[in-house]
Amino acid sequence: ACAGSALAAPVLTVGTEPTFQPFEFVDARTKDFVGYDMDMIRAAAKHMGYQVKFVNMGFDGLIPALMTNNIDAAAAGMTITAERKKKVDFTRPVYQSTQVILVNKSDAGSVKSEKDLKGKNLCAQIGTVGAEFGRKIPGAKVKAFNTLPDTILELNNRGCTAVIADKPVVEYFLKQRGGRNMVEVQTGYPKEEMAFAVRKGNKKLLDAFNKALAAMDKSGETAKIHQKWFST
Ligand code: GLN
C-alpha cells in the first residue's frame, strides 16, 4: 500500500462482462456495477477483508485474463464446466442455471424444442455454454456476438431463428425489458452451476472465497441477495 493508505484494505481485482442482467450490469444512472454476482462478490470481499475493483471485459477474455494474472477473480454468471476447470479453479456454486431457447413469437409454433433448430441460424454469446450447445445441433450455424443483448438484437432483426442462453437472464429480459415479441422455449438441457473463478492453484484465495460464501449462506446474506435480484 502506498503512503497514507496503510489502513486501506487490499484490492481484489474482479473481471466481469456487465451486460448479463440480473447477474451483472451497469446501472444506467449511477454507472455502478450492479447485480446478483456483484452483490455476492462485494459481500464475500467484505468477509475476506478486500476492497473490490471491477474490470469490464469480454466474456471470452476472462479466463485468459485470470491465467495471465491480470485479474484475481472472474464473476460473470460463469458455468462450471470440465473444459474451464482445466484452466481455472471455481468456488463453491453461487447459482443454478440451465440453457433455454429464445425465439420470435412468430416462430413459436415451429420451434418447440432443440430438435426444431436443426439447420437453422442461431445466435449466441462468444465463449458461452449456449454457443457450444448451438454448435452441436446438426446443420445449425452459430453467429457469435460479444454480448447477449447483441444476440437478442440480431434475433429481433431476424438475423437468426433462435438465441441459446441462460434461463434466468432470458427470463429477466422478457420481464424487465419487454421482449413482447419474443418467447422462451423450454429445453431438456441439463442443470448448470455458476461460480466465481480464480487462477488455477490460487488455493489461498479459493479457500478464502469458499469460507466467505459458506458464511454468507449460513448468515442468510446469500438468501437476501438472491431475493433482491430474483423475486418477482
Ligand atoms: N453461463 C454461461 C456460461 O458460462 C453464460 C455466461 C455469460 O454469458 N456471462 O457460458
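Colleague: How many bridges join strand β6 to strand β15?
Modeller: 2 bridges join β6 (residues 73-74) to β15 (residues 197-199), and the two strands run antiparallel. Strands here are DSSP runs of E of at least two residues, helices are runs of H or I of at least four, and both are numbered from the N terminus. This is a predicted model, so local features need pLDDT of at least 70 and side-chain atom pairs count only at pLDDT 80 or more, while totals for chains, interfaces and linings use all residues. Residues are numbered from 1 along each chain as its sequence is written.

Colleague: And which residue is the bridge partner of Ala-73 in β15?
Modeller: Val-198 is the partner of Ala-73 there.

Colleague: What is the strand order in that open sheet?
Modeller: The order is β5-β1-β6-β15-β7, 5 strands with mixed pairing. Two strands pair if DSSP finds at least two bridges between them. β5 (51-56) and β7 (88-90) are the edge strands, and each pairs on one side only. Helix α1 packs on this sheet, touching β1 (11-16) and β5, and its direction makes about 150 degrees with that of β5. Contact means C-beta atoms, placed from the backbone, within 7 Å. For the angles, axes are lines fitted to C-alpha atoms, for helices over the stretch in contact, and values run from 0 to 180 degrees between N-to-C directions.

Colleague: What does Ala-197 touch?
Modeller: Not counting residues up to four places away in sequence, Ala-197 touches Ile-63, Leu-66, Ala-73, Ala-74, Met-78, Val-88, Asp-89 and Phe-90.

Colleague: Which residues touch the most other members of the largest nonpolar core?
Modeller: Ala-74, Leu-102, Phe-196 and Ala-197 do, in a core of 70 residues. Helix α1 (residues 36-48) gives the largest share of this core, 7 residues. The core also draws at least three residues from each of domain 1 and domain 2. A nonpolar core is a set of buried Ala, Val, Leu, Ile, Met, Phe, Trp, Tyr and Cys residues joined through C-beta atoms within 7 Å. A residue is buried if 20 or more other C-beta atoms lie within 10 Å of its own, exposed if 12 or fewer, and partly exposed in between.

Colleague: Where do the two domains run?
Modeller: Domain 1 covers 11-95 + 193-230, and domain 2 covers 99-185. Those bounds come from an automatic or database domain assignment. The C-alpha centres of the two domains lie 25 Å apart. Their contact takes 12 residues from domain 1 and 14 residues from domain 2.

Colleague: Changing topic: what order do the strands take in the sheet with β11?
Modeller: That open sheet has 5 strands in the order β11-β10-β12-β9-β13, and the pairing is mixed. β11 (141-145) and β13 (182-185) stand at the edges with a single partner strand each, so one side of each is left without a neighbour in the sheet. The twist averages 30 degrees from one strand to the next.

Colleague: Do β10 and β12 run parallel or antiparallel?
Modeller: Strands β10 (residues 121-125) and β12 (residues 162-166) pair in the parallel sense, over 2 bridges. Leu-122 stands opposite Ala-162 in β12. Helix α5 (residues 148-156) packs on the sheet, touching β9 (99-104), β10, β11, β12 and β13, and its direction makes about 160 degrees with that of β10. Helix α6 (residues 167-176) packs on the sheet too, touching β9, β12 and β13, at about 115 degrees to the direction of β12.

Colleague: Which residues of α6 are buried?
Modeller: Lys-167, Pro-168, Val-169, Val-170, Tyr-172 and Phe-173 are buried in α6. After α6 comes Gly-178, with a positive phi near 85 degrees.

Notes. Two residues are in contact if their C-beta atoms, placed from the backbone, lie within 7 Å.
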